[in-house]
Amino acid sequence: MSHPAPYPVRLADEITRQLGQLSDHLSQLPPPQAAQVIARVLDPDNGVLGGVTHLVITGSHFAKSEAERGALPAEVWLALGRAANELHDISLDLDEHRDLLQHLGTRPATSAAKPPAPAPLVIRRRR
């Protein structure tokens with residue numbers, strides 16, 4: 001007889017499923033609505049990215065405690081800590097663009113307006 005998954009495990013599974021649904025919807029939305037969704041996802045305080053970052057930070061604290069008592073290898077704690085730091089940095093980088101995305105999402109659509117010229121894409125690498 002199998003035991004039902006505890007509530008936090010079911011919650012993680014449900015959040016994962018809903019993120020998949022959100023991704024599916026996002027790919028089908030018109031640009032203004034997609035921009036609004038992305039802006040909300042990127043909100044560092046109340047958005048998905050901020051929530052995931054907080055979750056990874058919390059996981060890192062758990063892993064540290066477990067590594068200190070020998071239940072987990074220290075590499076697990078270090079990897080989670082590194083992931084938390086990277087997510088925080090990414091969140092800060094993306095937050096710079098959130099206002100622009102929000103503005104794009106609230107701008108009234110005009111069919112007579114000339115579309116903006118495409119911008120060249122620049123790849124920025126961190127070292």
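Predicted model: local features only at pLDDT ≥ 70, side-chain atom pairs only at ≥ 80, totals over all residues.

Student: How are helix 3 and helix 4 oriented to each other?

Tutor: The axes of helix 3 and helix 4, the latter covering residues 74-95, come within 8 Å and cross at roughly 160°. Angles over 145 degrees count as roughly antiparallel. Helix 3 and helix 4 are therefore roughly antiparallel.

Student: Which hand does the crossing of helix 3 and helix 4 have, and how many charged residues are in their contact?

Tutor: The crossing of helix 3 and helix 4 is left-handed. On the helix 3 side the contact includes L49, V52, V56 and K64, and on the helix 4 side W77, L80, L87 and H88 are among the partners. By class, the residues of this contact are 14 nonpolar, six polar and, as for charged, one.

Student: How are helix 2 and helix 5 oriented to each other?

Tutor: Helix 2 spans residues 31-42 and helix 5 spans residues 98-106. Their axes lie 7 Å apart, at an angle of about 150°. With the cut-off for this class at over 145 degrees, helix 2 and helix 5 are therefore roughly antiparallel.

Student: Which residues of helix 5 meet helix 2?

Tutor: The crossing of helix 2 and helix 5 is left-handed. Their contact has seven nonpolar, four polar and one charged residues. Helix 2 brings P32, A35, Q36, I38, A39 and L42, and these meet R98, L101, Q102, L104, G105 and T106 of helix 5.

Student: Which elements give two or more residues to the lining of the second largest pocket?

Tutor: This pocket holds about 150 Å³ of space. A12, I15, T16, L19, V48, G51, V52 and L55 line the second largest pocket. The elements that give two or more of these are helix 1 (7-28) and helix 3 (48-68).

Student: How many residues of that lining are charged?

Tutor: The lining of the second largest pocket has six nonpolar residues and two polar ones. The number of charged residues there is given as no charged.

How values were computed
Residues numbered from 1 in each chain as written. Heavy atoms only, no water. 1 Å grid on protein atoms, 1.4 Å probe; cavity = no way out; pocket = protein on both sides within 12 Å on 5 of 7 lines; lining within 4 Å. Points joined across faces, edges and corners; volume = space filled by probe spheres on them. Helix = DSSP H or I, 4+ residues; strand = E, 2+ residues; numbered from the N terminus. Nonpolar A, V, L, I, M, F, W, Y, C, P; charged D, E, K, R; others polar. Axes fitted to C-alpha atoms, helices over the stretch in contact; angles between N-to-C directions. Parallel < 35°, antiparallel > 145°, perpendicular 65-115°, else oblique. Left-handed = near helix turned anticlockwise from the far one by under 90°. Contact = heavy atoms within 4.5 Å.
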